[in-house]
Amino acid sequence: MILKDVPKLKHIDSDNFFLLAGPCAIESEDMALRIAERILTITDKLEIPFIFKGSFKKANRSRIDSFTGIGDEKALKILKKVSETFDVPTVTDIHEVSDAAMAAEYVDVLQIPAFLVRQTDLVVAAAQTGKVVNLKKGQFMSPESMKHAVQKVKDSGSNKAWITDRGTMFGYQDMIVDFRGIPTMREYAPTILDVTHSLQQPNQSAGVTGGRPDMIETIARAGIVNHVDGLFIETHFDPANAKSDGANMLHLDNLEKLLTNLVAIRKTVQSL
């Protein structure tokens with residue numbers, strides 16, 4: 001069972017996809033608790049295994065004046081409070097080798113950002129914590145090349161690797177999802193589709209990434225039809241004023257309808 005290594009994870013026998021969802025970055029305790037509670041209510045109703053996502057810091061920024069976080073320890077403590085308050089597992093990104101052991105004290109899944117997935121020392125440090133390691137496929141990488149990232153986790157003494165597809169660069173300022181890669185990557189590890197980051201429009205002249213949130217359901221439906229094991233969705237109650245990645249996040253008010261539709265599609269696909 002691919003979810004058995006995640007503490008506190010509910011509904012793992014529901015035969016649903018699992019969900020990593022939450023805000024791009026931890027902005028405050030109130031916002032994190034508010035978003036987590038809303039997602040938990042929806043996922044409990046639909047019996048979707050749910051892992052709360054929030055970055056404790058944002059290191060990959062285009063501009064030096066972009067929001068990077070509220071303080072590492074402060075944000076990690078908020079993630080821990082979310083986990084303790086709602087009895088849910090949590091996931092966060094790490095960017096440096098020293099982040100691995102620190103973040104592992106607070107969260108259940110360590111995520112390697114797409115830009116950093118070829119950084120061997122970082123992947124090894126994450127694997128050595130004993131936590132599940134979510135490897136985001138680089139925008140510049142083929143699906144086939146992700147087997148080497150997974151192998152690094154295995155060679156570090158762990159079998160707890162996941163892969164997340166977050167789209168592939170399509171020109172300078174757009175992303176595309178090649179769904180042919182899903183079955184390929186599923187041969188190496190459980191595979192997640194990062195719906196919202198796949199709809200980013202990076203490298204804008206203003207130094208702030210754009211996005212196509214109107215296409216979220218289109219991409220998510222295609223992922224379910226193509227048998228992804230999990231979905232990754234960033235969501236916020238006020239995307240327009242979110243401090244990071246607001247341009248491609250799903251409004252929290254739209255999450256229940258989306259997930260309800262996806263669960264129905266999953267059941268149909270599973271019956272074929």
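User: Which residue's side chain does the side chain of Lys53 join in a polar contact?

Analyst: In this predicted model, Lys53 is found in strand S2, residues 50-53. Among the residues Lys53 touches beyond four places in sequence are Asp93, Phe232 and Glu234. The side-chain polar contact has a length of 2.7 Å, and the partner of Lys53 is Glu234.

User: Is Lys53 buried or exposed?

Analyst: The cut-off for the buried class is under 20% relative accessible area. Lys53 has a relative accessibility of 2%, so Lys53 counts as buried.

User: Which backbone oxygens does the side chain of Asn16 reach at 3.0 Å?

Analyst: Asn16 lies in the segment before strand S1 (18-22). Its contacts beyond four places in sequence include Ile48, Pro49, Val263 and Arg266. Asn16 counts as buried because its relative accessibility is 12%. The side chain of Asn16 reaches the backbone oxygen of Leu46 at 3.0 Å, and at 3.0 Å also that of Glu47.

User: What separation do the C-alpha atoms of Asp174 and Gln200 have?

Analyst: Asp174 lies in the loop between strand S7 (168-169) and strand S8 (175-176). Beyond four places in sequence, Asp174 touches Thr168, Met169, Gln200, Gln201 and Pro202. Asp174 and Gln200 are 26 residues apart along the chain, and their C-alpha atoms are separated by 6.7 Å.

User: Why does Asp174 count as partly exposed?

Analyst: Buried means under 20% relative accessible area and exposed means over 50%, with partly exposed in between. Asp174 counts as partly exposed because its relative accessibility is 30%.

User: At what angle do helices H1 and H2 pack?

Analyst: H1 passes H2 in a right-handed crossing. The axes of H1 (residues 29-46) and H2 (residues 72-86) are 10 Å apart, and the packing angle is about 35 degrees.

User: How many residues of the contact of H1 with H2 are nonpolar?

Analyst: On the H1 side, the contact includes Ala32, Leu33 and Leu40, and on the H2 side Ile78, Val82 and Phe86. The contact residues also include 1 polar and 3 charged, and the nonpolar ones number 7.

User: Which residues touch the most other members of the largest nonpolar core?

Analyst: The largest nonpolar core holds 71 residues. H1 contributes 9 residues, the largest share of this core. Another core, of 12 residues, lies apart from it and includes Leu3, Val6, Leu20 and Val132. In the largest core, the residues that touch the most other members are Phe52, Ile112 and Leu135.

Technical notes: Residues are numbered from 1 along each chain as its sequence is written. This is a predicted model: local features need pLDDT of at least 70, side-chain atom pairs count only at pLDDT 80 or more; totals for chains, interfaces and linings use all residues. Side-chain values use heavy atoms; hydrogens and water are left out. Axes are lines fitted to C-alpha atoms, for helices over the stretch in contact, and angles run from 0 to 180 degrees between N-to-C directions. Helices (H or I, at least four residues) and strands (E, at least two) are DSSP runs, numbered from the N terminus. A crossing is left-handed if the near helix is turned anticlockwise from the far one by less than a right angle, and right-handed if clockwise. Contact means heavy atoms within 4.5 Å. Ala, Val, Leu, Ile, Met, Phe, Trp, Tyr, Cys and Pro count as nonpolar, Asp, Glu, Lys and Arg as charged, and the others, Gly among them, as polar. A nonpolar core is a set of buried Ala, Val, Leu, Ile, Met, Phe, Trp, Tyr and Cys residues joined through side-chain atoms within 4.5 Å. Buried means under 20% relative accessible area, exposed over 50%, partly exposed in between (1.4 Å probe, protein chains only). A polar contact is a pair of N or O atoms within 3.5 Å; within protein, one must be able to donate a hydrogen and the other to accept it, and residues adjacent in sequence count only if both atoms are side-chain atoms.
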